[in-house]
Amino acid sequence: MTFIVKTRKVLLNKLLNRRQLSVELLHPNKATPSQESVVKELASKYKADERNVVVYGLRTQFGGNRTTGFALIYDTQQYLMKFEPKFRLRRRGIIPKRDGSRKGWKEVKSKLKKTRGSEKTKIYMSRKTDKREVIRAQKETYLKGFVGK
């Protein structure tokens, strides 16, 4: 797929160790480019590793031909893990996706309304699946895969 990448408002954020930029994609008479292809273009343009580039918020104008969005280019993989929100890490497959359903959470909520005292904590902890230790272990195993490369 052929498209042109224009970057605007390139900002070097030293506190978060990343470059923040607004991206404009020109793709006349073509479909909207995929995020993976945009990541590859930006990585080659800014001489960065593809794993450190995050693209989000791509919106195509009505009628096509132009798409705008945002991109973040982190210095290292550790900074990406530290500063990116969990939902974007879940999209990339770094953190495991949440299990359970909305109905299950609502059932727990209604049980909590009916109980008092220490029973509340037992019910809540039985349903809680997204524990910090699990996420931290998943991040560490993900980062260990990049140490040798």
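Here, buried means under 20% relative accessible area, and the model you are looking at is predicted.

**View 1. Strand β2 is largely enclosed by the rest of the structure.** Strand β2 covers residues 18–27. Eight of its ten residues are buried, and that is why we call the strand largely enclosed.

**View 2. Strands β1 and β2 form a hairpin.** Follow the chain from β1, residues 4–13, into β2: the two strands pair in the antiparallel sense over eight bridges. Look for Val5, which stands opposite Leu25 in β2. Four residues lie between the two strands, and in this turn Asn17 has a positive phi of about 55°.

**View 3. Strand β2 also pairs with β4.** Strand β4 spans residues 65–74, and its pairing with β2 is antiparallel, with ten bridges. Two spots are handy for finding your way: Arg18 has Tyr74 in β4 as its bridge partner, while Leu26 stands opposite Arg66 in β4.

**View 4. Four strands make an open sheet.** Strands of a sheet pair through backbone hydrogen bonds, either parallel or antiparallel. Reading across this sheet, the order is β1-β2-β4-β3, with antiparallel pairing. Strands β1 and β3 (53–60) stand at the edges with a single partner strand each, so one side of each has no neighbour in the sheet. On average, neighbouring strands are turned by 20° against each other, direction ignored.

**View 5. Helix α1 packs on the sheet.** Helix α1, residues 35–45, touches β1, β2, β3 and β4.

Conventions. Residues are numbered from 1 along each chain as its sequence is written. This is a predicted model: local features need pLDDT of at least 70, side-chain atom pairs count only at pLDDT 80 or more; totals for chains, interfaces and linings use all residues. Side-chain values use heavy atoms; hydrogens and water are left out. Buried means under 20% relative accessible area, exposed over 50%, partly exposed in between (1.4 Å probe, protein chains only). Two strands pair if DSSP finds at least two bridges between them. Axes are lines fitted to C-alpha atoms, for helices over the stretch in contact, and angles run from 0 to 180 degrees between N-to-C directions. Contact means heavy atoms within 4.5 Å.
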